Amino acid sequence: MTFTFEHHLKALVYLHLQEYESGRELLQVLAQDEFARAVIAPPEGVSRTTFFEAMNTRALVQLSEMYHLLQAKAKNLLPALHPHLGNLVAIDGSLIDAVASMQFADYRDGAQKAKVHLGFDLNRGIPEEIHLSAGKADERPFVTKILSPGQTGVMDRYYQCHKNFDEWQNAEKHFICRIRKATRKTILEERPIPAGSHVFLDVVALLGTKGQNQTEKPVRVVGYRVDRVEYYVATDRFDLAAEDVALAYKLRWDVEIFFGWWKQHLNVYHLVARSPHGLMAQILGGLITYLLLAIYCHEEHQERVSINRVRELRIKIRNELAELLVELNMNQEPFSTNTMAGNGPPAHASP
């Protein structure tokens, strides 16, 4: 038997679920841990050469297909928290520290970084589209790749681009994007503001300076105040109440929380491979792990992913290992060759 895609996928999920920090640590576990030997690794084990060859040259298509299958399942399974807001997708990027040998991850002199560009389903709290680039790559072109017609991209000020606002409207891709306070606004229409609202501005306007960078299509600008901080948001969502536009932008923070949780609790950025292929395979493995957790937490506990449930799964794995060892000892004859040799449990053992 070889190191199949199933072994590869299980190894990546186990890597992230158990927070191992390197490929070498994972390989040591696959060779020495009874549970990992029985459930994760192939019966004959996996060599360092085989594992890293698989990471850097194989399985990327299958991992991508598995990710999209799980993403679709989670999207259908998990309830939308704010269905009246429509299909909201937060778009953001996150840097990954790289090493000098990762020449594709160009960032600046003396530093190599790659960048993940992610679309995040704000209604269900799960990742959607994923792309990888060099760290210094501009994030704005990835909006077109991530966002589908009918979806609403929710973005911070970095994504403000008046030309893009026109292009997205032409493509029927909606947006809610924070803009700079000093952005020039040629007001075409003032909309009513409810009394007592934290919203202080709701207008239809052209953004930018005429003849230079002004939008061709009017946009809606909503201004609101939270804890004495003023926010200005541009959108083409004229169907929403101004307070709902503000709520949708507030939800954008969830993608920041996701990136932080993903890094802290699944160790997705402890690099196992250094090629673009291998790095993307590892990222997909981390996203697959998160989606599996999201599906498990909903089906078993009707709740969102939490570190408490991850810890619960780790304890469950240790308990199942103890059960495997008890079963192994009961099934083996005293003083048998296998026992004396310290061989692991049979390959057909299940978790």
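Glu230 touches Arg178, Lys181, Phe200, Tyr224 and Arg225, leaving aside residues up to four places away in sequence, where contact means heavy atoms within 4.5 Å. The model is a predicted one, in which local features need pLDDT of at least 70 and side-chain atom pairs count only at pLDDT 80 or more, while totals for chains, interfaces and linings use all residues. Residues are numbered from 1 along each chain as its sequence is written, and side-chain values use heavy atoms, with hydrogens and water left out.

Glu230 lies in strand β10, residues 229-235; helices (H or I, at least four residues) and strands (E, at least two) are DSSP runs, numbered from the N terminus. With a relative accessible area of 25%, Glu230 is partly exposed, given that buried means under 20%, exposed over 50% and partly exposed in between (1.4 Å probe, protein chains only).

| Side-chain pair | Polar contact |
|---|---|
| Glu230 and Arg225 | 3.0 Å |
| Glu230 and Tyr232 | 3.4 Å |

Turning to helix α1, residues 5-17, its 13 residues reach 18 Å from first C-alpha to last, close to the 18 Å expected at 1.5 Å a residue. Ten of the 13 residues of α1 are buried, so the helix is largely enclosed by the rest of the structure; among them are His7, Leu9, Tyr14 and Leu17. Just after α1, Glu19 takes a positive phi of about 60 degrees.

How values were computed
Polar contact = N/O pair within 3.5 Å; in protein donor to acceptor, adjacent residues only side chain to side chain. Expected span 1.5 Å × (residues − 1).
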